[in-house]
Amino acid sequence: MTPADQSRPPRRDLSFEREPARRVFASELREARVQFRDGTDEKSPSYVLLPTGERCNRVFIVGAFTEKKRQGDQNIFYRARVADPTGTFSVMAGSYQPEAMQQIARIEPPAFVAVVGKPSLYETPDGAIIVSVRAESATIVEREVRDCWVLDTAQKTLDRIDAIGKTPDSERAAQEYHIDPVVYRKMVYDALSQLKM
Amino acid sequence: MLSVPYLGTEMYGMDIPEIAERISLKFVQKGCNVDRQKIEPKLRRLIEEFGVPPAEAERTVQNELFREFGIVIGPGGGGGGSEKKAIAEAVPGEWVTVEGRVVALSRPPSPAISATGVLSDESGSIRFVIWSKASAPEIRTGTWYRFESAVVDEFKGVSNLKVHSGTKVTEITHEGALIPNVRKISELSPGVGNVRAKVIQEWEANHERMLQTGLLGDETATIKFVMWKEEGKERLVPGTVYTIYYAMVDEYNGRLSLNLNTATAIPEEGDLAVSSGESHMEGALVHIAPGSGLIKRCPVEGCNRVLSRQNYCPVHEIQPKYIYDLRIKGWIDDGIKTNEVLVQREMVETLTGITLDQAQEIAENNPLGMDEVFLRIRDRVLGRYLDCGGREIDRRILANTCAFCTFNPGKHADLLNRAGGEQ
């Protein structure tokens, strides 16, 4: 109606928006060192900044479930390892993720699994930083789903590399990580090469 | 209430004569003679002795005098809002004076309200409510009025002009025509809106007071509309294009809809290329929501609502003769954005290999009942890549096609080239 009306942001943006699940290879996620909150609220979403320059509150990963460990006495939780062509994701599920925990309890390695979860950074007593994914769900899937995921993740990673320097997140990542895009291209190429032609 | 900014007494000390002048002028305009010499000491006392912020002191003294002269004003009135404002600039929490044309009237929802409708000027439109207690003159559509000292507040996310006992409503004459600004459906925001759209669907009214409900569409989007039974209201004809002036744009749960009771719908010649609303998305199914799997629906004709576990329909209460159905409610995610998706029975059967009959059998013969169906369906579709197509309404895809994605060797080759080509 008027410029004043148009400048008002559409209200539907204020409503809850689900965070998309980013696609990232294990050897990239493993290098993440920056975690931040968008806002000061306790409930503001927390993001891990990927080295290729995108914030990431949730990930979707598909790989080989190779190992699981049950830990804790009173508060049982599971730690699992999920391998993709580039490396290994550390996945965990505790009593706050009952669905994922029950699913992981039933999965016997080895198997292809699809995991949806939230990445976060932990510091070990000796000062090393570990990236772990708190699973929201973990489902056994077919090999073809893994192959589709490698293509999908390769494409998204290349898209991020191509956008370096063009988004605020990627500029921030450039300052934090000083990555060499060539190394990441090579990682994508190697991952793709492992699929049957 | 109007909040009064505190600006410091030192700064304002010297403005006391000015405030007194302003107050006395107001009374002179109303035909009352007040002694400025009597106003100043009152102000000085409040501001200097009691540390009252000048704006609040002005309001206090003014109200005291209004009472003295028997002039009825609303709470906080006179303190602000006597300057005329453009309707588009009225912000919730303000007292305003606006001039506009009453472009629509709707039936007051309660005896406490004497009129509700839409007031427009060249800048925009706003909904208004006149309280019965306001003793305002009778309001007619098409007439220009001046609303002096009305309050703008917000109700359900929509700005609303409240006419109370302190508001002065006068009929005025106005030169020039008012041309409503017609917008695209995708640009609407809560309040009042004008659109040119086609009636693309008519839905069964689920309330006895409802005259018509359905879907309107233009090139950009679709939106639900509703019209309640009221004298003189006529149904829209499906398939016809209308220019709709002064519809109320409501928001519920982040979704917009149009209430046409205030609106004027003018049928138009010709057709409109309506956004099919069809969208297509390839992505991973990252979440399956409760309410997926085997569900029970209300058997009352035209209802079809999902019943709770206790067979309770939100409208028709307990329905023991429910109808079973299968569906998946979930989130499909392509790594960039995520969309809610609703998959209907036939496609759930194809995707999972579980038919409705089999699902019923599983539920009846299993200690977990319907949960068992949910779990089996989840294990077959969660974490898979799906290719879904269907109508998208407010970011929810109502899928009419849905299939598992397969490995694409061509894409594989392209990506290998892309990753290796620039080394």
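Chain B and chain A bury about 4300 Å² between them, and 55% of this area lies on carbon and sulfur atoms. Buried area here is the accessible area, found with a 1.4 Å probe, that two parts lose on being put together, summed over both. The size of an interface is often given in this way, as the accessible area lost when the parts come together. On the side of chain B, the residues that lose the most area to chain A are B:Tyr385, B:Phe407 and B:Arg418, which together account for 16% of what that side buries. In terms of contact (heavy atoms within 4.5 Å), 45 residues of chain B touch 49 residues of chain A.

The model is predicted: local features need pLDDT of at least 70 and side-chain atom pairs count only at pLDDT 80 or more, while totals for chains, interfaces and linings use all residues. Residues are numbered from 1 along each chain as its sequence is written, chains are lettered from A and ligands numbered from 1 in the order in which they are written, and side-chain values use heavy atoms, with hydrogens and water left out.

Chain B is divided into domain 1 (9-69), domain 2 (84-172), domain 3 (185-268) and domain 4 (278-404); such bounds come from an automatic or database domain assignment. The centres of domain 3 and domain 4 of chain B, taken over C-alpha atoms, are separated by 29 Å. Their contact takes eight residues from domain 3 of chain B and seven residues from domain 4 of chain B. Between them these two domains bury about 610 Å², 37% of it on carbon and sulfur atoms. Within domain 3 of chain B, B:Glu204, B:Asn206 and B:Arg255 lose the most area to domain 4, together 60% of what that side buries.

The helices of the model come next. Two packed helices are described by the angle between their axes and the distance between the axes. Axes are lines fitted to C-alpha atoms, for helices over the stretch in contact, and angles run from 0 to 180 degrees between N-to-C directions. Helices (H or I, at least four residues) and strands (E, at least two) are DSSP runs, numbered from the N terminus. Angles under 35 degrees count as roughly parallel, over 145 as roughly antiparallel, 65 to 115 as roughly perpendicular and the rest as oblique.

In chain B, helix α2 (residues 16-29) packs against helix α4 (residues 54-69) at an angle of about 30 degrees, with axes 11 Å apart. This angle makes α2(B) roughly parallel to α4(B). Among the residues that make the contact are B:Ile23 and B:Phe27 of α2(B) and B:Val61 and B:Leu65 of α4(B).

In chain A, helix α4 (residues 143-162) and helix α6 (residues 181-193) pack at an angle of about 165 degrees, with their axes 10 Å apart. That angle makes α4(A) roughly antiparallel to α6(A). The residues in contact include A:Leu151 and A:Leu158 in α4(A), and A:Tyr184 and A:Val188 in α6(A).

In chain A, a cis peptide bond joins A:Pro109 and A:Pro110, with omega about -5 degrees. A:Pro110 lies in the loop between α3 (98-106) and β8 (111-123) of chain A. In chain B, B:Asn304 has a phi near 65 degrees, a positive value in a residue other than glycine. B:Asn304 belongs to the loop between β15 (293-297) and β16 (312-313) of chain B.
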